[in-house]
Structures are given as C-alpha cells and as structure tokens.
Amino acid sequence: MPVTRLLYPLYQLGNPQLRIFRPNWFLTLVRPGKEQPPDTVQFRTPMEMTKYDIKNYLENIYNVPVGVVRTRIQFGSNKKRNYRNQKIKQPDYKVAYVQLAQGQTFSFPDVFPEKDKTPEEGSMEEMEQKYMEDEKQRQKLDPRRGGVTDWFGF
Amino acid sequence: MAASSSAGRVLTLCKQFQNVFRISSAINTKHCTATLTRCQPHLYRETSPLAALSWCSPVSAVSQCRALHTTVSRRGLNEFFDLPENWGENNVKSGAPWTAKQLRTKSNEDLHKLWYVLLKEKNMLLSLEQESRRQRLQMPSPERIRKVNRSMFRLETVVKERETALRLLQTGQEKGRPGAWRRNIFGYSYWYRYKEYAIPWYMNKRYKQKRFFTPKFVQPHIRLRLEKHMRGKARETSLQRGNRSKLKEKFPQMKVSAS
C-alpha cells in the first residue's frame with residue numbers, strides 16, 4: 001500500500017521548490033564499503049531524488065549543514081536465477097555521498113555492541129532461559145562415559 | 001511470547017495514557033499548556049510519555065485546538081540512529097500505529113508535524129535494517145517499519161480526504177488533476193489524465209504522434225475481440241448450467257441459490 005505522489009508541477013526558473021514539502025522519500029544511512037574521508041556520509045536514496053533534493057532534505061528536515069552532494073546509480077544484479085531458471089533482479093538504487101560543511105566529521109557508529117544480556121529476576125525471559133538450559137542439559141550425553149554415544153561399548 | 005505480552009502491556013498502557021489525556025484535555029482546553037505527547041510512540045524518543053515538553057506556545061482563547069509541540073532536533077545525523085541505550089537490544093518496545101480515526105481528530109499542523117516525525121522514524125529504521133544486514137544480525141523488532149508504513153498511509157488518506165472536501169466546497173471538482181475520456185487506437189476508451197507541459201500541444205511533436213481515435217482498419221480486430229469475449233461469457237454460463245444440472249441429478253432435493 002504505497003503512498004503515491006501525483007506529478008510535481010513543472011519546474012521553471014523562479015517557481016517554488018515543492019519537492020521537500022511532505023516528501024515521500026526515505027534516506028538510508030549506510031556504512032561505507034570503501035574507506036571514505038571523515039566528512040563524507042553515505043546514503044541510499046530513491047532514484048527520483050536529485051542532488052539538490054538531497055541537500056534541501058538534509059538541511060531542512062535534519063538541520064545538517066551540507067556542502068556537496070555527489071550521486072551515482074548502483075545497478076542491482078540481474079544475474080541470479082531461481083528454481084525455474086528465471087532471472088531475478090535485485091532493485092537498483094541511488095547512492096549519495098554527502099560532504100558536510102563547516103568542517104564537521106561523521107563516523108559510522110557501532111549500532112550492535114556486545115551487551116550483557118542477563119534477564120531481570122522473576123521475568124519471562126529468565127524462566128525461558130532456565131528452561132532452555134535444562135533442555136540442553138537433558139540432550140547432552142552421559143558425562144561419566146565421556147560424552148560418547150550409546151553406539152560404543154556395552 | 002514474552003515480547004508480545006510486553007508489547008500488549010505497552011499497548012494497554014498507551015491506551016490508558018490516552019484516556020488520561022482525553023480527560024485532562026477536556027479540563028484544560030482554555031489553558032495553553034495542554035500538550036499532546038506520545039501516547040502513540042514514534043513521536044519523541046527523547047522524552048518519557050508523560051514528561052512536559054521543552055517549550056509551550058500560548059494558545060489563543062479564540063482557537064481551542066491543542067497544538068502539538070515538538071522539540072527542535074539538535075542531534076543532527078544521530079537522528080538516523082536510535083537512542084544509544086537501545087543499541088544492541090534484542091527487541092525495542094513500541095506502541096500501536098496511528099489509526100485513521102485518531103488522525104482525523106488532529107489539526108492540519110499536527111498532521112504535518114507528525115508526517116515528518118514518522119518520516120524520520122522510518123529513515124532511522126531503514127538505516128538500522130541495512131546495518132543489521134551488513135553485520136549479519138537480526139534487526140530488533142522489525143514490526144516497527146510496518147507500523148510506521150501503515151501510519152503514514154492512513155495519514156495520507158486523511159489528508160487526501162480533507163483536500164477533496166475542500167476542493168469540492170471551493171470549486172465543485174472532485175479530482176485535483178484534470179482529465180478527459182479518450183479513445184485510444186485499440187478501441188478502448190479510458191480516462192486520460194492531463195500532464196503539464198511547457199509548450200502547447202500543437203507544438204509538441206511527440207504528443208501529436210499519439211492518436212486518440214480508432215482507425216478504420218482496427219474495426220475487424222475489435223469485432224474479433226468482442227466475439228472472443230462473448231464466446232467466453234457463453235461458455236461460462238453454459239458451464240454453470242451444466243454443473244447445476246449435474247448436481248440436481250445427484251441431489252434432487254438440493255436448493256440451488258439464485259446466483
């Protein structure tokens with residue numbers, strides 16, 4: 001059930017720029033595959049967005065000072081085939097490299113740090129964990145025989 | 001199992017908060033600080049549900065509508081990520097999506113602000129999803145994306161309803177984009193929607209190559225198409241009749257519904 005935007009009015013010099021008014025475009029911040037300079041942020045944008053659109057979007061909605069935006073279109077592969085030998089197309093997407101103004105830097109943070117996941121007392125998670133541990137203990141073979149299966153010996 | 005019960009608890013909590021706010025707002029309609037905070041989550045992850053917000057603008061005594069106050073975001077690019085205490089969790093609690101009924105009670109300014117809030121939330125979730133794919137880990141609570149999508153869709157429908165109502169009142173037109181019924185070269189008539197061009201149609205070479213009439217040599221094709229369609233319909237009705245007669249033969253007391 002996508003939200004569809006009707007045609008934007010024809011743009012001629014001097015018209016108001018309406019594309020960032022209640023936009024239906026979503027930017028995805030991605031971790032760069034190759035090493036980027038410290039002030040560069042990498043986004044995946046929809047194909048219809050232009051460099052000016054991205055700049056206005058970030059400046060107005062996120063209050064991020066943007067210097068320069070460079071974009072490229074990444075071709076999604078059409079090589080893989082399914083069980084019927086039909087080609088499966090991965091969708092194309094546009095990648096934007098945004099350089100921040102005013103000497104700001106950005107480094108992609110570690111969003112999945114190792115956390116000590118001890119559940120609190122008396123909670124469902126604790127009971128579940130206990131149950132799982134008990135089950136695993138039951139599945140283990142006899143330690144007195146060295147954890148070896150019943151196939152061996154008498 | 002635990003997650004769903006906790007989500008259910010949060011949902012009921014949210015509904016309770018909603019009732020609280022309805023009562024309190026009925027009391028202080030005249031006061032300026034009636035703030036609508038996030039009973040429906042995804043609004044402000046910074047503050048707790050019942051905390052008062054940073055600044056409240058005075059509401060004039062004339063309009064008794066409650067304004068939605070938002071904090072100016074100063075987190076910059078960190079808004080593409082969740083709050084740091086949620087990093088590394090297995091599931092992040094979130095409430096129910098907005099329903100169209102709830103959204104219809106909000107003013108246009110509120111809906112406008114809510115759109116951007118939902119937009120930012122969706123950006124954050126998409127970034128998280130991509131990062132989880134990169135790190136080959138499971139994204140915590142992916143149902144949030146579906147909730148946000150549904151909220152945005154409902155918001156769009158409510159806004160469209162209001163726009164059509166306004167347009168009907170002001171101009172008498174139901175649709176915003178003008179169009180006309182036209183016949184294409186294959187003999188079908190369809191609703192052609194006008195597109196905006198910088199030059200008139202008689203200067204547009206590409207447009208003039210399009211033919212909005214059916215040439216004479218297409219008539220035999222149309223006739224054949226019609227015949228095929230009618231043949232198909234006749235086959236379908238005879239099949240239905242045959243099935244019914246067979247059933248009647250096997251089960252004579254059967255009551256056939258008038259279909």
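Contact here means heavy atoms within 4.5 Å. The model is predicted.

**Lys208(B)**

Lys208(B) lies in helix H5 of chain B, which covers residues 205-209. Apart from neighbours within four places in sequence, Trp201(B) and Tyr202(B) are in contact with Lys208(B).

**Interface of chain B and chain A**

Chain B brings 45 residues to the contact, and chain A brings 45 residues. About 4,000 Å² is buried between chain B and chain A, and carbon and sulfur atoms give 66% of that area. On the side of chain B, the residues that lose the most area to chain A are Leu77(B), Phe81(B) and Trp87(B), which together make up 16% of what that side buries.

Three salt bridges are found across the interface of chain B and chain A. One of these joins the side chains of Glu131(B) and Arg31(A), at 3.1 Å from N to O. Polar contacts between chain B and chain A number 16 residue pairs, both residues at pLDDT 80 or more.

Helix H3 (108-135) and helix H4 (143-170) of chain B are the elements that give two or more residues to the side touching chain A. H3(B) supplies the largest share of that side, 15 residues. By class, the side of chain B that touches chain A is made up as follows.

| Class | Residues on the side of chain B that touches chain A |
|---|---|
| Nonpolar | 19 residues |
| Polar | twelve residues |

Definitions and conventions. Residues numbered from 1 in each chain as written. Chains lettered and ligands numbered in written order. Predicted model: local features only at pLDDT ≥ 70, side-chain atom pairs only at ≥ 80, totals over all residues. Heavy atoms only, no water. Helix = DSSP H or I, 4+ residues; strand = E, 2+ residues; numbered from the N terminus. Buried area = accessible area lost by both parts, 1.4 Å probe. Salt bridge = Lys/Arg side-chain N within 4 Å of Asp/Glu carboxyl O. Polar contact = N/O pair within 3.5 Å; in protein donor to acceptor, adjacent residues only side chain to side chain. Nonpolar A, V, L, I, M, F, W, Y, C, P; charged D, E, K, R; others polar.
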